[in-house]
Amino acid sequence: MIGKVAGAAVVTAATPLNSVFAGNSDLSAPLKGNIHHSVSQWCYDDIPLEDFAKACKEMGIESIELLGEKDWATVSKAGLKCAVGYATDMGIPKGFNRIENHDKLISDFEAMIPKAAAAGVPNLICFSGNREGQSEHDGLINCAKGLRKLIPTAEKYGVTIIIELLNSIGHKDYQCDKTSWGAVLCEMVGSERLKLLYDIYHMQIMEGNVIETITKYSSYIGHIHTGGVPGRNEIDETQELNYPAIMRALLKTGYKGYVGQEFVPLQKDKLESLRKCIRICDV
């Protein structure tokens with residue numbers, strides 16, 4: 001037994017943990033094409049968008065996301081998509097779970113859906129809003145009432161509304177903080193044009209069990225966000241999740257959407273950090 005343990009130690013030493021996260025060691029090699037890579041612009045907002053778009057294109061990234069309408073043409077000019085756009089300036093705390101927010105939200109989304117379709121933006125993000133003492137049941141009812149009104153336009157133009165799952169610790173009191181809650185909302189709305197934005201960072205904090213959850217709720221997931229836990233930094237060996245395993249599980253479900261890198265780089269060279277993390281997810 002001692003001999004076997006010693007042999008295992010030698011193997012471990014020869015294959016250090018960070019090799020699991022190395023991705024393709026040849027950074028000049030093309031990406032494998034199984035994952036549609038995207039990245040959230042806000043994590044690199046100190047880099048001019050034109051420069052950032054050029055760098056992303058060179059890395060093989062297909063999309064820069066979480067952009068307003070004014071920036072869609074910039075990424076398009078660089079040969080990229082915007083996988084997720086903004087439709088409103090209401091923000092995270094004020095969402096569809098409050099009837100008093102519906103008039104503005106519906107007006108903003110109705111105006112932006114045709115523009116997104118024309119610009120080739122496949123998804124527009126929305127939020128539940130904060131609970132503020134509201135029950136889970138009432139939040140679902142109110143969200144469904146508002147979102148159902150958008151579905152005819154979304155279906156007409158082929159644009160998907162994605163509601164983001166966020167942790168309610170960092171985003172204190174946010175209501176759509178469980179995958180199961182979001183899945184019930186999708187069932188209530190009853191259209192393929194409403195999906196979940198499954199943020200791995202947020203759901204690791206709230207639920208854990210990421211691979212099993214992705215597998216169970218795959219039919220409701222329309223977009224993925226990444227981020228290292230804890231801290232929302234690099235998705236490498238410095239954090240607790242095994243992103244290559246998560247990506248393989250995601251592909252096994254038949255997922256065809258985008259995987260948006262949404263980690264905040266700690267490394268000095270932010271673009272090299274992004275390049276490494278894209279390779280980690282390129283399974």
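**Figure 1. Packing around helix α3.** In this predicted model, the buried residues of α3 pack against α2, β2, β3 (84–85), α4 (102–119) and β4 (123–126). Helices (H or I, at least four residues) and strands (E, at least two) are DSSP runs, numbered from the N terminus, and contact means heavy atoms within 4.5 Å. Residues are numbered from 1 along each chain as its sequence is written, and side-chain values use heavy atoms, with hydrogens and water left out. Local features need pLDDT of at least 70 and side-chain atom pairs count only at pLDDT 80 or more, while totals for chains, interfaces and linings use all residues. The buried residues of α3 are Asp71, Trp72 and Val75. They lie on the same side of α3, because they cover an arc of only 120° around the axis; the arc is that of the directions from the helix axis to the C-beta atoms. Lys70, Ala73 and Lys77 are exposed on the other side of α3. Here buried means under 20% relative accessible area, exposed over 50%, and partly exposed in between (1.4 Å probe, protein chains only).

Figure 2. Helix α2 spans residues 49–59. Its buried residues are Leu49, Phe52, Ala53, Ala55, Cys56 and Met59. They cover an arc of only 165° around the axis, so they are on the same side of α2. An α-helix has 3.6 residues a turn, so residues three or four places apart point the same way. Glu50, Lys54 and Glu58 are exposed on the other side of α2. The partners of the buried residues of α2 are β1 (36–40), β2 (63–65), α3 (69–77) and α10 (270–281). Just after α2 comes glycine 60, whose phi is positive at about 95°.

**Figure 3. Contact of α2 with α10.** The axes of α2 and α10 are 11 Å apart, and the helices pack at an angle of about 35°. Phe52, Ala55, Cys56 and Met59 of α2 make the contact with Leu271, Leu274 and Arg275 of α10. By class, the residues in this contact of α2 with α10 are six nonpolar, no polar and one charged. Ala, Val, Leu, Ile, Met, Phe, Trp, Tyr, Cys and Pro count as nonpolar, Asp, Glu, Lys and Arg as charged, and the others, Gly among them, as polar. Helix α10 also holds glutamate 272, which is partly exposed with a relative accessible area of 35%. The C-alpha atoms of glutamate 272 and phenylalanine 127 are separated by 31 Å, the two residues being 145 residues apart along the chain.

**Figure 4. Crossing of α5 and α6.** Helix α5 (residues 136–157) and helix α6 (residues 179–189) have axes that come within 9 Å and cross at roughly 45°. Axes are lines fitted to C-alpha atoms, for helices over the stretch in contact, and angles run from 0 to 180 degrees between N-to-C directions. From α5, Glu136, Gly139, Leu140, Ile141, Cys143, Ala144, Leu147, Arg148 and Ile151 meet Trp181, Val184, Leu185, Met188 and Val189 in α6. The residues of the contact of α5 with α6 comprise 11 nonpolar, one polar and two charged.

Figure 5. Proline 230 lies in the loop between β7 (221–225) and α9 (243–252). The peptide bond that joins valine 229 and proline 230 is cis, with omega about 0°. Arginine 232 is in the loop between β7 and α9 as well, and its phi is near 55°, a positive value in a residue other than glycine. Most residues other than glycine have a negative phi, and most peptide bonds are trans. Arginine 232 is buried, with a relative accessible area of 8%.

**Figure 6. Asparagine 209 and its loop.** The loop between α7 (200–206) and α8 (210–216) contains asparagine 209. Asparagine 209 is not a glycine, yet has a positive phi near 50°. Its relative accessible area is 46%, so asparagine 209 is partly exposed.

**Figure 7. Lysine 172 in the loop between β5 and α6.** Lysine 172 is placed in the loop between β5 (160–164) and α6. Lysine 172 is exposed, with a relative accessible area of 67%. Between the C-alpha atoms of lysine 172 and alanine 111, 61 residues apart along the chain, the separation is 30 Å.
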